[in-house]
Amino acid sequence: MTSPARRSRALVLDHQGKSVEIARALAQAGWELVGDPAAADVVLIDHDVPFHGKLPVAETCVAA
């Protein structure tokens, strides 16, 4: 007996509501939206400029 495939997981870091439609589309396509970068398969951010503090989130996802 095979187990069902795990849904892909995404962490979407929103900025000014710009990613709401992207997150909605991912959820409708079967992606699980998560809040923990260590649990995500992919992190969507607007940029990785270090002084905004988002780079460590992406690095946590990669390390996991």
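Modeller: Please bear in mind that the model is predicted.

Biologist: Where is Ser 19 found?

Modeller: Ser 19 belongs to the loop that runs between strand 1 (9–12) and helix 1 (20–28). Setting aside residues up to four places away in sequence, Ser 19 touches Val 12, Leu 13 and Asp 14.

Biologist: Is Ser 19 buried or exposed?

Modeller: The general idea is that a residue counts as buried when its relative accessible area is under 20%. Ser 19 has a relative accessible area of 11%, and therefore it is buried.

Biologist: Which residue of that loop has a positive phi?

Modeller: Gln 16, in the loop between strand 1 and helix 1, has a positive phi of about 60 degrees, although it is not a glycine. Exposure is read by the cut-off of over 50%; Gln 16 has 64% relative accessibility, so it counts as exposed.

Biologist: How many bridges link strand 1 and strand 3?

Modeller: Strand 1 and strand 3 pair over 3 bridges, in the parallel sense. Leu 11 stands opposite Val 43 of strand 3.

Biologist: Which residues make up the largest nonpolar core?

Modeller: That core has 6 residues, namely Leu 11, Val 34, Ala 40, Val 43, Val 57 and Cys 61. With residues up to four places away in sequence left out, Cys 61 touches Pro 37, Ala 40, Asp 41, Val 42 and Val 43.

Biologist: How many salt bridges does the structure hold?

Modeller: The structure holds 1 salt bridge. Glu 21 forms a salt bridge with Arg 24, and their closest N and O atoms are 2.5 Å apart.

Biologist: How are Glu 21 and Arg 24 placed in helix 1?

Modeller: Glu 21 and Arg 24 are separated by about one helical turn, because they are 3 residues apart in helix 1. As to accessibility, Glu 21 is exposed, with a relative accessible area of 53%, whereas Arg 24 is partly exposed, at 41%.

Definitions and conventions
Residues numbered from 1 in each chain as written. Predicted model: local features only at pLDDT ≥ 70, side-chain atom pairs only at ≥ 80, totals over all residues. Heavy atoms only, no water. Helix = DSSP H or I, 4+ residues; strand = E, 2+ residues; numbered from the N terminus. Buried < 20%, exposed > 50% of the residue type's maximum accessible area, 1.4 Å probe, protein only. Contact = heavy atoms within 4.5 Å. Pairing = 2+ DSSP bridges. Core = buried A, V, L, I, M, F, W, Y, C linked by side-chain atoms within 4.5 Å. Salt bridge = Lys/Arg side-chain N within 4 Å of Asp/Glu carboxyl O.
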